[in-house]
Amino acid sequence: METLYPALTVITPLIFAFVVGIVSWINKKICFWLALLSLIVAFISSLKILFYITTTSSIVQYKLGGWPPPIGIEYRIDWLNGLILPIISFVALLNLIASKRFMEKEFKEKESFFYILYLLFTTGLLGVVITGDLFNLYVLLEITSLTAYSMIAMGGTGRSYLASLNYLFLGVIGASFYLLGVGYVYIKTGSLNMVDVFRILPHIYNSETVLVGFIFCMVGVWIKMGLFPLHTWLPNAYTFSPISVSRIIAPLMTKVMIYVMIRVMFSVFGRWYVLGRLYGVNEFVVLLASCAIIVGGILALSQRDIRKVLCYIIVSEIGYMVGGAWLGNPNGLIGAILHILNDMLMTFCLFLAFGNVFYTRKKTKIEDLKGLFGEMPYTSAGLVLVGLSIIGIPPTCGFFSKWYLILGALQAKDHFFAVSLILSSLINVILFFRFFEVGLFSKASYKKEAPVSMIVPLFIVSLMLIVVGICSGSIVNKIINEFVLVALG
Amino acid sequence: MEKILDEVATKYNYWIYIFIMMIGFYGMIGKNNLIKKLAAMNIFQTAIILFYVSMGYKKNATIPIIKTTHDVITKINPQEYMNPLPHVLMLTAIVVSVSTFGVALAIAIKIYQHYNTLEEDEILSNIKEKD
Amino acid sequence: MIESYKPIFVLLTSFLAPLFIIFSSNRPNLRESFSILASVLKFLLVLNISFYVFKGHIVYLKLVEIFPNVALEFKIDEIGIIFALVSSFLWIFTTLYSIGYMRGLKEEHQTRYFCFFALAMFSTLGVAFAGNLLTLYMFYELLSLSTYPLVVHHQDEKARISGRKYLIYILGTSIGLVLPAMIICYNLTGTLSFEPSGILNNKVSLFMANVLLLMFVFGFAKSAIMPLHAWLPAAMVAPTPVSALLHAVAVVKVGVFSIIRIFTGIFGIKLLAQLNSTHIITFFAAFTIITASLIAMSQDELKRRLAFSTISQLSYIILGISMLSPKAIAGGILHIIMHAFGKITLFFCAGSIMVGAGKKYISEMDGLGRYMPYTMGLFFLGSLSIIGLPPMGGFISKWYLLLGAVKIKSLVLMAVILLSSFLNCVYFLPIAYNAFFKAPKEDFSYVKENYLCVIPALIAVIGSLVLFFYPDPFLNLIFEFLSKIKG
């Protein structure tokens, strides 16, 4: 059973998606519990993999179909994806619980379809993270994207269809570019297995084909993660989708794409290529990331709809991670990876808190937050905690990843990036205290809190923000450092 | 000049796919009608499929099916057979492309039901009026 | 060095107190008794720890390692325990006073008030106990956040504007200046602990050290050094016990305490002596002392006059430290204690006037002394302490500051200290004089003195008197600390 965990993690949601599809014809009520069961299984097996990796300090490899790599597809879990896998299943699990009430209200008849798409989406994400094969990644990426487009279109309004279609166009371009890049690499190396390509590439570093392949891969991934200026699909896609949908897509999709970028950069092409052969490019990318941070912050300040504000905060956070990864020094990469973890939790907590607000008040403009602190104390507490985390106040987790990022920026003498990080914190102070002011300074009429199934996930995740923050030292030492040592030497 | 012609002549498959891809790209951006955009998107993806398939070609090679003679499989010379892997990969990619197209068409139908038009500029002006 | 878990217990008393306060929010007496219980318990625990420190040990606890060489840790040394003792002792009386004040004025949202009060004390003691710059920064930020709801307690338009000012000045500077400076320090030295001769020696260019010093001092805007002082008068919209806490005990003292830690633990006296920015800071401190006193003279609202007086007094502490001579530093640290006792008396009296007579403006307080004799009498004694006249404790700290100025042979600084004492007389003494010796402008017969408001002020005055006659325990601790940092 031990060796089956990698397969179990990915296949369980996949099979259960079909099971839910069949069962929904018979009995609609158990669909929720089936979906929940599959996510719990996925979560536990991904945790088991993480424990195994940290206790035995080895990499888990699983050959699909028994074919050895590089002939067959392998699942390869090292410290980087071992850390991310549990978070994905954790967020998916909690979101399902928190969305139960929403779905009953919004989807009614189509609940079972939502569960199917949801489980397939989770399968795709887990697969993208777990796989060690470049083409397999494309396939699972497209599974993820397709289900995401469909879930966004479930919003039912005209604008959600348009947003979904727009996302579809750009997503297809992004994925196709990635596929193109993989094709170029395949022409030159003859292999699709990440480890194999890593072994072969150093001999052909000077080839222009490899350069074009790298560029296409990178641009494709940047389109899908929403790096400025390729982010235009993001605000509409996350704003006009139902809240339960944006709550699962926003924290996970873009961060998984950042994982793909780090994987391609360091485990496929290697640091000698990205930082050595392409010397000077990383400064340009960090500049782009700094612009992303600042532009995201400024655009967030100018929005009046809360969901748009959240989307632009996400654009800003992407800039953090891309800049950190491309800085080229260990602290920057540690900061980027830690921020993947932190940002998944923070974005999820943010959407959970505002999801509660939208559920009880059914309105989404900033001025509709009046009297929030009086009427919804638990939700407000969660909102305050996540606001502090995004601003970057210790002991919440956001501070610690920001520390590493700024430290990396100083060590790489990239002062513009460091300044943009500090500016972003200050802009976030303004953003969040604007929310708090509106919530605090109007009299509350009566207590109308969100239902318990929505408060408990919020409570758990906000607690995790602090716990992850305080334990970030051990997380970095035991898990992230191992990967960074291999990646950056 | 000769060098360029030489390049084009030997690597004509790549030039073709780039040409097709750019047509698709132009269609996605330049055309107003949603269905035309979708068709252009499909052309875009097809170009990439062509690229992959063309990379499996080898001169004087035959299709990758091993001829079994009456004795056991003799030594196989890879030079004689085309690379089957890109073909297989593209089967998957074609499936992905078709399903994406299907989802996009379904969404386009919904848009038509909602806005009664498939022209992008009309839809946008519709939205701007409502805001 | 003794390792002990007692610092955790101290912090837990006020961290867990909000839970009990929330649970008993429907029974005010029970709720208030939880606050009092927490404050008394905390003071007793701090007193217990102080016995170790008085014997010469340092109490130490490492919680969790966060970055390489930087952990969340507590290291209670001499000045840390002084600050902790003063804050926890005064918190007991501020709690008693709050009960009287809030009930006297029938304020709303008292549960929220007491909860955040407890959290503010939690953060203050965290700063006092902090053993490195990261822990200090963390509790500094937590203090800013837990005092914001206290400042905007009345939730009206004025509170909103003041709250914004509060945030912009305090959070803006700490995130914009202290955080980068801290990370630069870590980048240069690899550690953030407070070492006796600083951690930056030989590791930083003089130019960088100058920049860092200015970033730190102006980053800790809670010390209200000009031009970053505007949040203090704005924060006077808070209920008076909050002002008493903010301006005597917690927020402002945290600001100057952090600066003391930077000077003694991060930079070290030797490095500071070589820097030009030390003189710049001396200049700004002296400028603040005089200017704030001048502005105070023009204020008619009593709390605003007290606010500007606080700004002025805080810069005494910064001035003392930046003079770098042992007696001056001792005077500065001692002034933390003396000013705390003196100023809290004044704020308690101001609140008592608010509760008893409903008066905020000094011009309306003529003749009030006959109806509120205890209040105005204690006000007079408190102002003596701030001015720096015997037999009140403020005299001792100003004496040491003067001695320090003599030691570095600076006539200008001596003049500044003496001039500002004179200015203090000008804006404090008339208040008590008018209250006792002028005829009242309206009928004050309805005025009643609230004993729960007067007794804490009395205790603070007694404390101030005791410190005048017997400052030795604290003085010994301070000189012990100074001998360690001289290097």
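What follows is a chat about the labels, chain by chain.

Modeller: Keep in mind that this is a predicted model.

Biologist: Why is helix H5 of chain C called mostly covered?

Modeller: H5(C) has 19 residues, and 18 of them are buried.

Biologist: How do you know that the span of H5(C) is close to what is expected?

Modeller: The helix covers residues 133-151, and from first C-alpha to last it reaches 26 Å. At 1.5 Å a residue you'd expect 27 Å, so 26 Å is close.

Biologist: How do you know that domain 1 and domain 2 of chain C touch?

Modeller: The domain assignment puts domain 1 at 1-264 and domain 2 at 276-487. Contact takes C-beta atoms within 7 Å, and 43 residues of domain 1 of chain C are in contact with 46 of domain 2 of chain C, so the two do touch. On the domain 1 side, H3(C) gives the most, with 14 residues. By class, that side has 30 nonpolar, ten polar and three charged residues.

Biologist: Over to chain A. What makes strands E1 and E2 of chain A a pair?

Modeller: A pair needs at least two bridges, and E1(A) and E2(A) have four, so they qualify; the sense is antiparallel. One bridge links Val60(A) to Ile77(A) in E2(A).

Biologist: Which residues of E1(A) are on the covered face, and which on the uncovered one?

Modeller: Val60(A) and Tyr62(A) are on the covered face, Gln61(A) and Lys63(A) on the uncovered one. In a regular strand, side chains alternate between the two faces of the sheet.

Biologist: Last one: how do you know that chain B touches chain A?

Modeller: With the 7 Å cut-off between C-beta atoms, 25 residues of chain B are in contact with 21 of chain A, so the chains touch. H4(B) has the largest share of the chain B side, 14 residues. That side is made up of 18 nonpolar, five polar and two charged residues.

Notes:
Residues numbered from 1 in each chain as written. Chains lettered and ligands numbered in written order. Predicted model: local features only at pLDDT ≥ 70, side-chain atom pairs only at ≥ 80, totals over all residues. Domains from an automatic or database assignment. Nonpolar A, V, L, I, M, F, W, Y, C, P; charged D, E, K, R; others polar. Buried ≥ 20, exposed ≤ 12 C-beta atoms within 10 Å, placed from the backbone.
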